[in-house]
Each structure stands twice: as C-alpha cells, then as structure tokens.
Amino acid sequence: DTIETATGDGRSLYGGTVTLETTLSGSTYQLKDPTRGNTYTGDAANKTDLCIFGICISRAPATLFTDTDNHWGSGATADGSTAAVDAQYGTDVTWDYYKNVHGRNGIGNDGKGSYNRVHYGNSYNNAFWDDSCFCMTYGDGDGTQLGPLVALDVAGHEMSHGVTSKTAKLTYSGESGGLNEATSDIFGSLVEFYAGNSSDTGDYLIGEKIVRSGFGRDALRYMDKPSKDGSSADYWSSSVGNLDVHYSSGVANHFAYLLAEGSGTKTVNGVTYNSPTYNGSTLTGIGRDKLGAIWYRALTVYMTSSTNYAAARTATLNAARDLYGTGTTEYNAVAAAWTAVNVN
Ligand code: ASN
Ligand code: ZN
Ligand code: CA
C-alpha cells in the first residue's frame, strides 16, 4: 500500500472539532501523525496491564485506530474513537508546544513520537505515563467522579512526565517527586494556554474538564492555592517530602502561579484566582512565557534526579540568570516567588 500524510478532523469530547494529521495507508486512514514523529493513538479495549515492580507479565493492547473517511469521533460517522481524538489532539498540541516554544523535537528531542492508549481498564479513574512502554495511557473514568481522562491538561501532564524522564529524571518520591509532578502540572497548563482552544481555555486548574459532579469540586488541583484540594501543600515545610507526590507538588505549582501571575486576586480567561503568600509579600507576575522558559531550562540543564525544593530554587535562579541576567526583574521575581512559598 502507498503511505501518505492526510489532513482529517475529529469531534473531540472537550476541545470541539480539531484538525488531525493522519496516515493514509492504501484506502484506510490511521490515527497516526507523520508530521509529529508518527505519534499515534490505540485502543486498550478495556484491558489492563499486569505489571509488578515495572516488569509486565501482560499488557493492554494499543490497537491503532483506523477510519474510512478521515472524520474521527462522534457524529455522523461515529466510530468509537471520540476519546482517541482528544488524546491524539492533546499529544499533538503538546508536541507543538515543546517544539515551537522550547525547540524540543519530541519527548526525547530525537523527533520520535510516542503513543496513547485510550479505554484502559473499566471505569478507570486515572491516566499515566509509563517509562517501560514510553507511552501515555488514559482511563474512561467511572462517569460519576471523572469522565474520560483525555483533556488537554491531562495529556500535556502525562507527556511531560516523558520529558522529565528524558531530562532531569526527578525521582518519583519525596521532594523530587513533588517537583516531578509539578513539572507535569506546569507544562500541562502551559500546553492548555498554548492550544488557544475556545472549548478548553487555558487555566491554572488541573483536570477541570474531566471532573464530574460526584467528585465534589471543580478540578483535581489548583495552582493558585493548592490547599483548595484539601491535601496539597501551599508552602514548603520540612515534612512536605512525606506527602504523596501529587500533594508535595503544591509548593512548586504555587511558585509557578505566583511567578507568572503574581499574588492576590486576578482573573485570567474568565477564571478568578486568589493566591496567598507565606510572608504576606505582594508579588507581580512576569507572565507565562517566562515561567515556561525558566522552568524548562531549569529542568533540562540544572535539575537532577535528587533535586529537592532548595535545589529547585537554585536551578530556576540559574536558569533566570542565563536567560535574563542576575539582578533583573525576572531573576528577582524567581527569588521572591520561592520565598513566598517558604523555599529559601
Ligand atoms: N495521573 C497520575 C500522574 O500522572 C498517575 C500517577 O499517579 N502516576 O501523576
Ligand atoms: Zn503525574
Ligand atoms: Ca486546566
């Protein structure tokens, strides 16, 4: 069969109708993007992996989605691939974000794509990155607490775990684990802003599109005030490394929000935030683009597997020095935002 690149479209769950670059193999379209390293999306068919300590006895499949008309997802040509449209679109946008904003060519900066598996398990309320398959996996949610976990910020979060795995390799426990998680929340959110999708606008909430009424709040996590989730830390303390990594991440998520947007009350894309500081200081933000540039350079140049919060302060200050110079507004804002989350 002849293989060529085609342009199709998909009706997504959360992002409206989106453009998808696909592969035409003979007369069959595949949900595989030759313009982004052949990143593809497959069906896990409600199966699960059987793994112990990273060794897998069996794996859920990733059966490549195919279509006859290159119009994917629900609607007139319903083909069961709706969640797949969101996952493929999410990793497309994340690919573009890293390439166009940070000059990074794919997760490993080698031009190679990864893959998504959707419909993992039954009523599975999670999504995850897995180093052993180098892939992203998404549950459909139980429909009560969560819907399909394929929104932009979730896809950006999971794919960013791959970037961390290829760069700083932050160990997934203790303070470094919190920094690993925060890296995924920060870039997942910056991806959402970058997408500029009017159906899923950028915000500092994580998972706002996937939560359902049974979840009891309007997002999984809140970067302006992480403790709004009932578990995350707003500020560093000597015990923060004992928390689950999705809660110790709060300190860095809060830092990132404060660095970009500043303290106090602010409305962005219709969402109002109110971000406190440890020392009562008033901060002025330097914007999302500079947050992204500083965090990306810190992650890829200065952080290591054992970076803790004190070392993250140094890493981001080094990055700000490289990018903007010592004593600049940006450099001073990094220092002030860490101090405002009690990292000194
Ligand atoms: N959704 C979670 C995450 O990506 C899965 C996990 O607990 N690792 O962080
Ligand atoms: Zn994560
Ligand atoms: Ca979000």
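**Close-up 1. Contact between helix H1 and helix H3 in the predicted model.** Val 93, Thr 94, Tyr 97 and Val 101 of H1 meet a set of H3 residues made up of Leu 190, Val 191, Tyr 194 and Ala 195. H1 spans residues 82–102 and H3 spans residues 174–195, and their axes come within 9 Å and cross at roughly 90°. Because of that angle, H1 counts as roughly perpendicular to H3. Sorted by class, the residues of this contact comprise 7 nonpolar, 1 polar and no charged.

**Close-up 2. Contact between helix H2 and helix H3.** The axes of these two helices come within 7 Å and cross at roughly 130°, so that H2 is oblique to H3. The crossing of H2 and H3 is right-handed. On the H2 side the contact involves Leu 152, Asp 153, Val 154, Gly 156, His 157, Ser 160, His 161 and Thr 164, while the partners in H3 are Asn 180, Thr 183, Ser 184, Asp 185, Phe 187, Gly 188, Ser 189, Val 191, Glu 192 and Ala 195. These residues divide by class into 5 nonpolar, 10 polar and 3 charged. Val 191 and Ala 195 of H3, listed here among the partners of H2, are also among the H3 residues that meet H1.

**Close-up 3. The shell of residues around ligand 1.** By class, the shell contains 3 nonpolar, 3 polar and 2 charged residues. As for the confidence of the prediction, the predictor assigns the complex an ipTM of 0.96 and a pTM of 0.98, and the protein chain has a mean pLDDT of 96, with 98% of its residues reaching 70 or more.

**Close-up 4. Contact between helix H5 and helix H6.** Helix H5, residues 250–261, and helix H6, residues 288–302, have axes that come within 7 Å and cross at roughly 135°. At that angle, H5 is therefore oblique to H6, and the crossing of the pair is right-handed. The residues that meet are Ala 256, Leu 259 and Ala 260 from H5 and Arg 288, Leu 291 and Trp 295 from H6. By class, this contact has 5 nonpolar residues, no polar residues and 1 charged residue.

How values were computed: Residues are numbered from 1 along each chain as its sequence is written. Chains are lettered from A and ligands numbered from 1 in the order in which they are written. This is a predicted model: local features need pLDDT of at least 70, side-chain atom pairs count only at pLDDT 80 or more; totals for chains, interfaces and linings use all residues. A residue is near a molecule or strand if its C-beta atom, placed from the backbone, lies within 6 Å of it. Ala, Val, Leu, Ile, Met, Phe, Trp, Tyr, Cys and Pro count as nonpolar, Asp, Glu, Lys and Arg as charged, and the others, Gly among them, as polar. pLDDT is the predictor's confidence in each residue, from 0 to 100. Axes are lines fitted to C-alpha atoms, for helices over the stretch in contact, and angles run from 0 to 180 degrees between N-to-C directions. Helices (H or I, at least four residues) and strands (E, at least two) are DSSP runs, numbered from the N terminus. Angles under 35 degrees count as roughly parallel, over 145 as roughly antiparallel, 65 to 115 as roughly perpendicular and the rest as oblique. A crossing is left-handed if the near helix is turned anticlockwise from the far one by less than a right angle, and right-handed if clockwise. Two residues are in contact if their C-beta atoms, placed from the backbone, lie within 7 Å.
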